[in-house]
Amino acid sequence: MNPIAAVHAAARRWRPARRPEAVPLKWAWPAYLSAVDQLIYAAGKGYYATQGRLGVPGGPPVTASQYSDTPNVALAQWVLASLGVFSVAMALAAVRPWGGLIPRPLLLLGLWGTAALAAVSQIHVAREALLDSGTPGWSGRAAVQGVVGLCLWLAMAWLFTRRRGQNATAAVKTARGAE
């Protein structure tokens, strides 16, 4: 492939779909459940931010040393709550028509980056809850809920990665209709 064709191919990948469509529910349900899960997370973080508390609802109690390490507890919790809301937007962008206006590589980066961060945190929670290592207080329910949420996020990211662009899907439907 010559350099000019390579540049044009890269530009096509970053161009939004012309007529984005919603993903059918049979493929979109992991995104909707992930959005609900992240909305619950954001609400919990927002609730703790209003009280000036560290931690997660359902998590272990936070020690005094952790409070001394965090100069502005409410700000830290509000930032984490806003990241939860951002995750909701990313999950919905993967399946709603307005998400087709976001360049696909950028959305893929966000989906897989969030999946990697969620995997790190859920491995930590599952290890502490199921193997009783480290901080006591994590419930098995929190570990299971986290692992299920991670699996949903990974399924959504995988389905979005495997899905072809909207224009390619329309071309396949047109070709099948002509047969």
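Biologist: How much space lies in the largest pocket?

Modeller: A pocket is an open set of points on a 1 Å grid over the protein atoms alone, where a 1.4 Å probe fits, with protein on both sides within 12 Å along at least five of seven lines. Here the largest one holds about 1300 Å³, volume being the space filled by probe spheres set on the points. Keep in mind that this is a predicted model, where local features need pLDDT of at least 70, side-chain atom pairs count only at pLDDT 80 or more, and totals for chains, interfaces and linings use all residues. Residues are numbered from 1 along each chain as its sequence is written, and side-chain values use heavy atoms, leaving out hydrogens and water.

Biologist: Which residues lie nearest the centre of the largest pocket?

Modeller: Lining residues have an atom within 4 Å of a point. There are 39 of them in this case, and Y41, K45, V56, S121 and Q122 lie nearest the centre.

Biologist: Which elements give two or more residues to that lining?

Modeller: Helices are DSSP runs of H or I, at least four residues long, numbered from the N terminus. Those giving two or more are α2 (25-51), α4 (73-93), α5 (104-130) and α6 (140-162). The largest share, eight residues, comes from α5.
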